[in-house]
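Q: Please take a close look at the aromatic side chains in this structure. How are the rings paired, and what surrounds them?

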Amino acid sequence: MKFCSALLALFAGVAVEATVYFREEFTDGDGWKSRWLESKHKSDYGQWKLSSGKFYGDAEADKGVQTSQDARFYALSARFPPFSNEGKTLVIQF
């Protein structure tokens, strides 16, 4: 038991540092439309909508973009500053 406590204390003392290069929370209503670009490559892409979906903890804080039509292709992108992860692990979460 003492070994487990010592091991836990060792891991708790290790600092983990992460740099966030891009973060979007969709908290400003339709403001996301000025930061995100919908592709015009094809004319039959589906439309995105801002929604908290069916399951959420807080209807306003949990909003994000959602596909609005079944059986459609979607294409959406946003710019972020250039970066290098050389020698580091890159984690992409969505």
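A: The answer below starts with the chain as a whole and then turns to the aromatic rings.

This is a predicted model, in which local features need pLDDT of at least 70, side-chain atom pairs count only at pLDDT 80 or more, and totals for chains, interfaces and linings use all residues. Residues are numbered from 1 along each chain as its sequence is written, and side-chain values use heavy atoms, with hydrogens and water left out.

The protein chain has two helices and four strands, in the order α-α-β-β-β-β along the sequence. Helices (H or I, at least four residues) and strands (E, at least two) are DSSP runs numbered from the N terminus. Of the 94 residues in the protein chain, 11% are buried; buried means under 20% relative accessible area, exposed over 50%, and partly exposed in between, with a 1.4 Å probe and protein chains only.

Rings of Phe, Tyr and Trp (its six-membered ring) pair if their centres lie within 6.5 Å; planes under 30 degrees apart count as stacked, over 60 as edge-to-face and the rest as tilted. This rule gives seven aromatic pairs. One of them joins F26 and W32, edge-to-face because the centres are 6.3 Å apart and the planes stand at 70 degrees. F26 counts as buried, at 11% relative accessibility, and W32 also counts as buried, at 1%. W48 and Y74 make an edge-to-face pair too, since their ring centres are 5.1 Å apart and their planes are at 65 degrees. W48 belongs to strand β2 (residues 48–51) and Y74 to the loop between β3 (64–67) and β4 (76–78), so this pair ties together parts 26 residues apart in sequence. Y74 is partly exposed, with 21% relative accessibility.

One aromatic cluster is formed by Y21, F22, F26, W32, W36, F80 and F83. F83 lies in the segment after β4 and, at 32% relative accessibility, counts as partly exposed.

A further ring has a charge over its face: K42 lies over F73, at 5.2 Å from the ring centre. For this, NZ of Lys or CZ of Arg must be within 6 Å of the ring centre and within 35 degrees of the ring normal.

Leaving aside residues up to four places away in sequence, S52 touches A59, D62 and K63, where contact means heavy atoms within 4.5 Å.
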